[in-house]
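This report looks at a few local features of one model. Please keep the sequence and the 3D view at hand while reading.

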Amino acid sequence: MAETCNPRRLPWLIKSCIPDPRREAAKLPSGTRPPPTVTSTAASPSISSLPDDLLLEILSRVPQPSIPSLSLVCRRFALLLDSPSFYALRRSHGLLRPALHALSFAAAAIAGRIYVAGGAARSSAVEEYDPDLDSWRIISDAPRRRYGCVGATASGVFYVIGGLIVGSSPRAGRLDAHVWAGTMDTYEVETGVWGSRRAASVPGGGCVVGACGAGSHVYVLASHAVEVSFWRWDAGKGRRGDWLRLEPPPITAHLRLGGAARFCCSALGQDKIVALVHVSSDASRRRGSTDGVVLVYDIVKGEWNRGPDLPVGFRRAALACVEC
Amino acid sequence: MATIITKEQQEKEKMVTLVSSDSEKFVVEQKVAEKSHVIKMVMNCCGIESPIPVRRVKGDILKSILEYCEKHSKGEAQEVMEKWDKEYMDKAEKDLVFFHDLMLASHFLHIQELVDLIAVTFAGMLKMKSPEEIRQKFNINNDLTKEQEEHIMTTFGWAFQPI
């Protein structure tokens, strides 16, 4: 860490040059509590006898998921974790992310690692999470900055699909923010190469609202105002790949004009796709929840079946499938 | 030429004596002691002829810190250093009292690299633990009122919900 201009350093140094036995106990410069001496810490080893600046050094390095439970430890922890210095230190350690990032990014798991792209206006970074090392790193820059995109994976390729244009792209005006909504970028994880410069787009000009990979194919749900279409992308055929129109999910009956639907889908094994559809209507909005419809697509038979509905109360549930 | 070599040798062999709070004496090379920003400043202003008292650091802590400084003044390959640092931390963190004093002392002596290393290790002890586990491990009293606890729960509510 670079040496900072801390005004405390100089008097502190002078103090240390002239040892004063009376100061021995005042080892901790910033103490709201009585400064413990070395012998008192021997009786009770406590992290709370550290001065604020050292405790902040420690707290600012704790991974994000553990922060909420730390603020419940004691009042001092809660105050420190809410202080501007905490955020400043965290930013300097590179542990702070833009809040926008947490909202609408594309994520997918490939070969035991998690890849995240999009969702941020200021950065086009693609990040990789390694669960073994518990660490994130930036691996590449996406060719397009997308907000609200969906992620999918098939045969070791990370697909970043749909979303709105964000950031300062020279061509992007507010009016044509939707022009990438039907397109996708492909990133081959092993070689670290992005697909051809022209992004493949879903036929029919729909906005991609959900996608997942199963086997070597990517399945995409696209919305066309009051209609939803379902497509399969086959990357294997030729350089450009091929789109195949499939049976759309039977949710048109639930969609009403003025209503909104939110999709989330995930593959279950090699032959099934589960789609979670949140449909909000006037009645459900009054209840403060949305109707969650679970649909299962059988890839072999090519047909949709309706599963049990989601219990009332979920609003923006995400979906992950585990076979057991 | 010959004079330069002897000068370098002299430079290399310049030793300095550090005295801990319990009057234990440590004789180390100047470049080792220089790892501490504070001791470096003292040596610059007062010279190295007389022993330098490090009144706020106990002998065992100072010994451990000098061990770190000595290793880090050699300029070895990064992988070697990382491995050594890890072993050094593994040994130090076993005794929390010692570890805690080590952090205070390295902060006091202004060895920022060591402070960073200890902070990372400390942070590792705090992660993935419930508030109660942390309070027990570090002997902390819960002085949050019910209202404050509720406020934190609502602020971070999403993180406590059972899956």
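## Basis

The model is predicted. Local features are reported where pLDDT is at least 70. Side-chain atom pairs count only at pLDDT 80 or more.

Helix α3 of chain A spans residues 52-59. Helix α7 of chain B spans residues 112-126. The two pack with their axes 7 Å apart, at an angle of about 60 degrees. α3(A) and α7(B) are therefore oblique to each other. Their crossing is right-handed.

From α3(A), the residues in the contact are Leu54(A), Glu57(A), Ile58(A) and Leu59(A). They meet Gln112(B), Val115(B), Asp116(B), Ala119(B), Phe122(B), Ala123(B) and Leu126(B) in α7(B). By type, the residues of this contact divide into eight nonpolar, one polar and two charged.

## Aromatic pairs in chain A

Over all chains, the structure holds 14 aromatic pairs. One of them joins Tyr297(A) and Trp304(A), with ring centres 5.0 Å apart. Their planes lie at 50 degrees, so the pair is tilted.

Tyr297(A) is buried, with a relative accessible area of 3%. Trp304(A) is buried too, and its value is 10%. Both residues belong to a cluster linked by ring pairs, which also takes in Tyr219(A) and Phe230(A).

## An aromatic pair in chain B

Phe99(B) and Phe122(B) also form a tilted aromatic pair. Their ring centres are 5.0 Å apart, with 45 degrees between the planes. The pair links distant parts of the chain, 23 residues apart. Phe99(B) sits in helix α6 of chain B, residues 96-108, and Phe122(B) in helix α7 of chain B.

Are these two residues buried or exposed? Both Phe99(B) and Phe122(B) are buried.

## A lysine in helix α4 of chain B

Lys71(B) is found in helix α4 of chain B, which covers residues 59-72. Why does Lys71(B) count as buried? Its relative accessibility is 16%, and the cut-off for buried is under 20%.

Which residues is Lys71(B) in contact with, leaving aside neighbours within four places in sequence? They are Glu76(B), Met81(B) and Trp84(B).

Conventions. Residues are numbered from 1 along each chain as its sequence is written. Chains are lettered from A and ligands numbered from 1 in the order in which they are written. Side-chain values use heavy atoms; hydrogens and water are left out. Axes are lines fitted to C-alpha atoms, for helices over the stretch in contact, and angles run from 0 to 180 degrees between N-to-C directions. Helices (H or I, at least four residues) and strands (E, at least two) are DSSP runs, numbered from the N terminus. Angles under 35 degrees count as roughly parallel, over 145 as roughly antiparallel, 65 to 115 as roughly perpendicular and the rest as oblique. A crossing is left-handed if the near helix is turned anticlockwise from the far one by less than a right angle, and right-handed if clockwise. Contact means heavy atoms within 4.5 Å. Ala, Val, Leu, Ile, Met, Phe, Trp, Tyr, Cys and Pro count as nonpolar, Asp, Glu, Lys and Arg as charged, and the others, Gly among them, as polar. Rings of Phe, Tyr and Trp (its six-membered ring) pair if their centres lie within 6.5 Å; planes under 30 degrees apart count as stacked, over 60 as edge-to-face and the rest as tilted. Buried means under 20% relative accessible area, exposed over 50%, partly exposed in between (1.4 Å probe, protein chains only).
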